[in-house]
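Me: I would like to learn how to read side-chain contacts in a model like this one. Could you take me through them step by step?

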Amino acid sequence: MRAHCLQHVPFEGPGCIAPWLESNGYRRTHTRFFEAMDVPKAEEIDLLVIMGGPMSVNDEDQFPWLALEKHFVRAVIAAEKPVLGICLGAQVIANAMGAKVYPNREKEIGWFPVQGVHPTAGDRFAFPPSQTVFHWHGETFDLPPGAIRLATSQGCENQAFQLGKRVLGLQFHLETTPALVTELVAHCGDELVPSKYVQTAEALLSSAGPDRYTAMNGLMGRILAYLVRSDG
C-alpha cells in the first residue's frame, strides 16, 4: 500500500502520521512542492495526506503549484481514495471542491479545545465531545457542497469536516509532536502577537505535557484507521 504526502514547507512534516503509516504497512512517498511540482497518478496511491503551510490557498500567483495541487486533490477524491487534509490541507480540499477560503475572525495559534459535532445519521467519524488540540491558522473555510461539520470551537466554526466516506479535513494539527511545535515557533514566530486565541511561544512549547500529545496523536491514529477501513 502506498500513502502519498503533499508537503508545502520543510518544517510542516507528517509528525505522528509517519510511524502510524509504517506500523500499518504503508510505503510513504512525497510531493514536496518547495522542491518540485511532481504528483503521481491518482490510481497509483492508496491514501493521500495533505499537510499544512503558512501560505493561503488563494495565493496561486505566488505559488503556481497550488493550481496543480487542487487539480490532483479533485482527481484523488473522484477516484474514491481516502484523503486527509490538515490545516492548509483542509483548506485545499475545501477550495478544490468549490468552497471559499478567507481570513478567520480571529487568528488561532496555541492549545485550545474543539468540540465534536455528531450528525444524527450516516457514516461519520465521531470526534470526542471536547479535546484540547494544537492550532496554527489565520484563515478558515466554508464547507464544500455535501460536506458535514464534525468539530467546532469558540474561535472557529468549521474545525473539521467530512466529505463522503473517505475525505476528512482538519483545521487543527493532531499530527503535532514537540519537535514540530519547536519548528513552527522557529519559522513562524513573528505571528505570535498575543490575543484571545494566540498564545506566547513559551506557552506553546511548555504548556503541553506528554499526556496531551499522546491523546492528540491517538485521535490522529483513529482518524487514519477510519479513513482506510476496508468497508469504507
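Me: How exposed is Lys-107, and what is its relative accessible area?

Reply: Lys-107 is partly exposed, with a relative accessible area of 39%; buried means under 20% relative accessible area, exposed over 50%, and partly exposed in between, using a 1.4 Å probe and protein chains only. Please keep in mind that this is a predicted model, in which local features need pLDDT of at least 70 and side-chain atom pairs count only at pLDDT 80 or more, while totals for chains, interfaces and linings use all residues. Residues are numbered from 1 along each chain as its sequence is written, and side-chain values use heavy atoms, with hydrogens and water left out.

Me: With which side chain does Lys-107 meet in a salt bridge?

Reply: Side chains of opposite charge can pair when their charged atoms come close. The criterion is a side-chain nitrogen of Lys or Arg within 4 Å of a carboxyl oxygen of Asp or Glu. Here Lys-107 meets Glu-191 at 3.7 Å, N to O, and this pair links distant parts of the chain, since Lys-107 is in strand 5 and Glu-191 in the loop between helix 4 and helix 5, 84 residues apart. Helices (H or I, at least four residues) and strands (E, at least two) are DSSP runs, numbered from the N terminus.

Me: How many salt bridges does the structure hold?

Reply: There are 5 salt bridges, and one of them joins Glu-60 and Lys-70 at 2.8 Å, N to O. Glu-60 lies in the loop between strand 3 (47–50) and helix 2 (65–78), and Lys-70 in helix 2, so the pair ties together parts that are 10 residues apart in sequence. Glu-60 is partly exposed at 32% relative accessible area, whereas Lys-70, at 6%, counts as buried. Another salt bridge is that of Arg-149 with Glu-157, whose closest N and O atoms are 3.3 Å apart; Arg-149 is partly exposed at 26%, and Glu-157 is partly exposed at 46%.

Me: How many aromatic pairs are there?

Reply: A pair of aromatic rings is described by the distance of the centres and the angle of the planes. Rings of Phe, Tyr and Trp (its six-membered ring) pair if their centres lie within 6.5 Å, and planes under 30 degrees apart count as stacked, over 60 as edge-to-face and the rest as tilted. The structure holds 11 such pairs, among them Phe-112 and Tyr-197, which are edge-to-face at 5.7 Å centre to centre, with 75° between the planes. Phe-112 and Tyr-197 are both buried.
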